[in-house]
Amino acid sequence: MRIIAIEEHFITPLYREKVGANEYRNFYLSSRSQVMGHDIMEQNLDLGAKRLAHMDAHGVDMQVLSFGSPGPQGFGADVAVPMARDANDRLSQAIQKHPARFAGFAALPTADPKAAVDELERCVTQLGFKGAMLHSHQQGEFLDAKKYWPIWERAEKLGVPVYLHPALPHPQVVKAYFDGYEELARAPWGFAVDTSCHFLRLLFSGLFDAYPKLKIILGHLGEGLPFAMHRLNDHSLHAAKRRGLKKQPIEYLRENLLVTTSGNWFEPAFVCTLLALGADNILFAIDWPYESNQTGMEFFRKLSLSDADKEKIAHRNAERLLRL
Ligand code: ZN
């Protein structure tokens with residue numbers, strides 16, 4: 001069965017040079033590398049033989065690659081614009097070398113929304129990328145703000161999805177909720193809080209009424225939203241109407257959202273997601289190199305699913321959505 005994994009990351013030398021290291025981040029990367037059995041930074045920087053060997057060892061046929069979080073979105077426009085362009089050019093070269101193994105999501109410099117729109121257009125129409133990945137907020141500003149809507153508008157027009165990926169939560173949330181508990185602010189809990197909330201801000205802003213064909217992808221089995229869908233809808237129906245939304249919140253979740261399996265290797269959560277959203281809306285992803293290809297593939301192979309649903313999640317949905 002063809003396996004396409006769609007939340008697989010890389011970083012660039014420029015990013016490594018500019019990103020602010022801190023004690024907790026360093027601790028996380030070194031301890032997580034020990035658990036994974038590979039050096040996360042080293043694997044992040046490789047877009048060739050080493051990455052392919054790790055894919056081959058566990059049966060991953062194709063990676064849809066994206067810049068690691070937060071990428072250019074952690075910077076102002078002076079750094080972000082050249083950083084995104086450099087990353088997208090490097091990714092394009094890797095895809096040209098291995099067109100059957102790699103595809104790409106564009107990195108966008110949201111610090112300059114106009115430049116982000118232009119870069120999205122360039123990446124899709126000239127480099128053949130399959131969409132974009134956005135790493136949550138732009139230095140504390142969520143992308144439901146109207147100045148960012150041209151990015152969403154262009155994605156819909158180009159017919160490509162946007163993957164809304166976690167980043168460290170909004171600085172005020174980090175301070176209020178995670179001060180003294182920094183280990184919870186990232187992948188264990190904070191990422192899901194920030195990304196699910198960001199998606200809901202987009203939904204309640206009326207974004208999907210303005211761009212009804214827009215598709216947003218969330219990783220990690222939907223960042224908790226499939227579990228919360230009923231209660232969310234039940235308690236916000238009237239608020240949604242008062243805002244002038246055309247549909248019920250749950251309808252946007254079913255029509256405009258797709259989710260991936262990245263880094264959430266827990267069958268009860270998968271079953272909940274499957275029942276809530278259906279097999280047409282779930283795509284396979286691992287989250288390399290922050291997750292292990294072996295763990296992801298073993299989890300997927302053992303899932304109790306019909307062959308037809310397995311084919312959809314492994315590759316058919318990605319082939320349809322990303323035109324692979
Ligand atoms: Zn990721």
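Residues are in contact when they have heavy atoms within 4.5 Å of each other. The model shown is predicted, so local features need pLDDT of at least 70 and side-chain atom pairs count only at pLDDT 80 or more, while totals for chains, interfaces and linings use all residues. Residues are numbered from 1 along each chain as its sequence is written, and side-chain values use heavy atoms, with hydrogens and water left out.

Figure 1. His 170 sits in the loop between strand S6 (162-165) and helix H8 (171-178); helices (H or I, at least four residues) and strands (E, at least two) are DSSP runs, numbered from the N terminus. With a relative accessibility of 15%, His 170 counts as buried (buried is under 20% relative accessible area, exposed over 50%, partly exposed in between, with a 1.4 Å probe and protein chains only). Residues up to four places away in sequence are not counted here; beyond them, His 170 touches His 137, Gly 140, Phe 142 and Asp 194.

**Figure 2. Arg 201 on helix H9.** Arg 201 belongs to helix H9, which covers residues 190-204. The relative accessibility of Arg 201 is 36%, so this residue counts as partly exposed. Apart from neighbours within four places in sequence, Arg 201 is in contact with Phe 142 and Asp 144. Phe 142 is also among the residues that His 170 touches. Between Arg 201 and Ile 40 there are 161 residues of separation in sequence and 32 Å in space, C-alpha to C-alpha.

Figure 3. His 9 is buried, with 1% relative accessible area. Asp 287, at 8% relative accessibility, also counts as buried.

Figure 4. Phe 10 lies in strand S1 and is buried, with a relative accessible area of 2%. Leaving out neighbours within four places in sequence, the contacts of Phe 10 include Asn 44, Leu 47, Arg 51, Leu 65, Phe 67 and Leu 91. Phe 10 also lines the second largest pocket, as do Ile 11, Thr 12, Pro 13, Leu 45, Leu 47, Gly 48, Arg 90, Gln 93, Ala 94, Lys 97 and His 98. Helix H5 (residues 77-97) gives the most to this lining, with four residues. A pocket is an open set of points, on a 1 Å grid over the protein atoms alone, where a 1.4 Å probe fits, with protein on both sides within 12 Å along at least five of seven lines; lining residues have an atom within 4 Å of a point.

**Figure 5. Helix H14 and what covers it.** Helix H14 spans residues 267-277, and its buried residues include Phe 270, Thr 273, Leu 274, Ala 276 and Leu 277. Among the elements covering these buried residues are helix H11 (225-234), helix H13 (249-255), strand S8 (257-260), S9, H15 and helix H16 (307-322).

**Figure 6. Two cis peptide bonds.** The bond from Ser 69 to Pro 70 is cis, with omega near -5 degrees. Pro 70 is in the loop between strand S2 (62-67) and H5. The bond from Trp 288 to Pro 289 is also cis, with omega near 0 degrees. Pro 289 is placed in the loop between S9 and H15.

**Figure 7. Positive phi at Leu 221 and Glu 223.** Most residues other than glycine have a negative phi. Leu 221 has a positive phi near 55 degrees, and phi of Glu 223 is positive too, near 55 degrees. Leu 221 lies in the loop between strand S7 (216-218) and H11, and the place of Glu 223 is in the loop between S7 and H11. Leu 221 counts as buried at 4% relative accessibility, and Glu 223 counts as buried at 7%.
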